Amino acid sequence: MRIALFVEGSAPVGSRDHCAKLWNGTLLPALGCAPVDFIVPIGKDAISRLRGLRTSTSAPGLDTKIREFADREGLDPQQDALVIAWDLEPIDKNRRRCAWDEKLGVYRGLEGSSLLEGTAWARNAAARADALESFRDRAPTGRSHSRVSPGTVLALCMEPMFEALLARDGRAVRRALGFDNDPPGWPSGWGRSDVRDPSTQLFAPAIAAVRNFRPRKPVLRQIREPWQNAKDEWGEYLLRHLLEDPQQAALLRAHAIAQRLIHLLPRRS
């Protein structure tokens with residue numbers, strides 16, 4: 001069995017695949033998970049297009065990306081597995097969102113896709129959608145019994161988004177960036193559960209504060225772009241440094257996103 005992780009992230013720039021480094025090089029080893037065979041960055045529009053929602057770009061839907069990648073890499077729907085991970089936020093203005101709705105929409109979209117018709121992936125997506133429907137009127141427990149196995153499709157809605165893994169302790173983030181005290185422009189709100197878009201509300205201004213500080217910090221010799229242009233690169237840097245602190249590493253592994261990954265992916269042998 002091979003595993004392809006379709007994850008919301010940035011496409012490689014030249015030979016530098018920071019999305020793959022973030023996941024296979026840093027996060028999954030820290031969680032005790034085996035590396036996956038393929039990391040395939042996707043945009044949120046791929047999810048929205050699959051669900052039949054209006055999108056801001058002409059990017060192909062997730063089913064198209066899966067079909068093209070499977071054909072190119074020779075993935076076998078009977079033997080190989082798909083994991084799809086995306087951010088719940090940022091929310092579209094005036095549109096209701098919840099992880100349950102988006103997961104159901106993804107599974108139903110894959111079930112009904114003409115590009116995946118008749119495959120084990122489409123059948124598994126249908127079974128998972130039916131199972132979700134049966135829990136429509138029940139409060140979420142945060143638990144799942146699903147694990148990757150041949151022919152499966154597993155959806156992970158990262159609520160509210162991947163950056164929530166890194167946003168629990170602003171002081172630890174600050175130290176990772178080389179500061180003992182808050183630099184001018186440093187944002188507040190770290191660790192708050194009501195921050196729905198930590199990427200825009202916390203990390204973009206935090207990295208802007210680093211870039212505006214003089215004298216310039218050594219990290220800027222490694223990462224020259226602002227947050228919005230290099231989210232995976234900044235994310236991998238911060239994740240790696242947070243994991244060097246045992247207390248921060250324990251908090252990170254206990255996060256709901258990390259626990260879901262630990263549960264559904266194979267363990268490292």
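**Exercise 1.** Which helices and which strand each supply at least two residues of the lining of the second largest pocket?

*Solution.* The model is predicted; local features need pLDDT of at least 70, side-chain atom pairs count only at pLDDT 80 or more, and totals for chains, interfaces and linings use all residues. Residues are numbered from 1 along each chain as its sequence is written, and side-chain values use heavy atoms, without hydrogens and water.

Step 1. A pocket is an open set of points on a 1 Å grid over the protein atoms alone, with protein on both sides within 12 Å along at least five of seven lines, whereas a cavity is a set where a 1.4 Å probe fits but cannot get out; lining residues have an atom within 4 Å of a point.

Step 2. Helices (H or I, at least four residues) and strands (E, at least two) are DSSP runs, numbered from the N terminus.

Step 3. The elements are strand S1 (3-8) and helices H1 (18-30), H2 (44-50), H7 (198-212) and H9 (231-243).

**Exercise 2.** State which residues lie nearest the centre of this pocket.

*Solution.* Of 34 lining residues, Glu8, Lys44, Asp87, Glu89 and Pro90 lie nearest the centre of the second largest pocket.

**Exercise 3.** Describe the largest cavity by volume and lining.

*Solution.* Step 1. Its volume, the space filled by probe spheres set on grid points joined across faces, edges and corners, is about 60 Å³.

Step 2. The lining includes Leu165, Arg168, Asp169 and Gln248.

Step 3. Helices H6 (170-176) and H10 (246-254) each give two or more residues to this lining; H10 provides the largest share, three residues.
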